[in-house]
Amino acid sequence: MTLSTDARTHRGPSPAQPAVPNEGSDIDPAQNPPVAEIFSRAVGPVTEPTNSLASRVTNCDSISWTPFPMPGTSFKLLNINETTGATTILLYVSEGAEAPLHRHLGGAEAYNIFGTWAYEGEADPIGPNCYVYEPAGIVHLPKQESESLMLGIFHGPIVGYDDDGNVAGINTADLLWDLAEANGAIAHLPARTGR
């Protein structure tokens, strides 16, 4: 499944555009003396690029969508940190998809690109251009209000529960890797050394 710009624009209201810095003191540290003083401490001569570490740039349209372990959802695995178990994904959630009650064993971060959802029991919806931080240990139940796309960073596993409160599944970095690999959606990632 590939979401096109044309398809997205026909699915309800357009997402809000993020605010950008104003010209002047928002961009030029010299126009803000306290910032300029701290900035000057961080600026030092650099003699050459670091060639031993390779940056990766990936066109996300080239990655296939992989079913995520929740009905009505798909993901694109963008990065995996073998040391910490963190993963970075694009997460697509269809309208009406129901997440199970779940616990984050590590913190989670999300930037909502489009769509609207909310946490059960909380009145404020999370819409486009919202950043969400979920601390390690939180247990919650998101409710999908419309089709959504978000960038997610999971700093540890997620435990899903069934209706009786029993563990129904655990999403780990290894599970997401295995799913993406089975779907042929890891060619953009470096080979894993720990497996």
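Okay, let's start. One caution: this is a predicted model.

Overall picture. The protein has 12 strands and three helices. It runs to 195 residues, and 34% of them count as buried. Now the contacts. Take those between residues at least 6 apart in sequence: 62% of them join residues at least 24 apart.

Next, the core. How many residues are in the largest nonpolar core? It has 33. Within it, the residues touching the most other members are Phe68, Phe75, Leu77, Ile89 and Leu91. Which strand gives the most? Strand 3, with five residues.

Look at Ile89 up close. Set aside its neighbours within four places in sequence. Ile89 is then in contact with Phe68, Phe75, Lys76, Leu77 and Leu78, among others. Its contacts also include Met150, Leu151, Gly152, Phe154 and Leu176.

Now the outside. The protein exposes about 12100 Å². Carbon and sulfur atoms supply 54% of that area. There is a nonpolar patch on the surface, formed by Val35, Phe39 and Val43. Together they have about 270 Å² of accessible area. Val35 sits in helix 2, residues 33–42. Why does Val35 count as partly exposed? Because its relative accessibility is 41%, and partly exposed covers the range between under 20% for buried and over 50% for exposed.

That's the tour. Questions, please.

How values were computed: Residues numbered from 1 in each chain as written. Predicted model: local features only at pLDDT ≥ 70, side-chain atom pairs only at ≥ 80, totals over all residues. Heavy atoms only, no water. Core = buried A, V, L, I, M, F, W, Y, C linked by side-chain atoms within 4.5 Å. Buried < 20%, exposed > 50% of the residue type's maximum accessible area, 1.4 Å probe, protein only. Helix = DSSP H or I, 4+ residues; strand = E, 2+ residues; numbered from the N terminus. Contact = heavy atoms within 4.5 Å. Patch = residues over 30% accessible without salt bridge, like charges linked within 9 Å, V, L, I, M, F, W, Y side chains within 5 Å. Areas by Shrake-Rupley, 256 points an atom, 1.4 Å probe, with all protein chains shown as cover. Salt bridge = Lys/Arg side-chain N within 4 Å of Asp/Glu carboxyl O.
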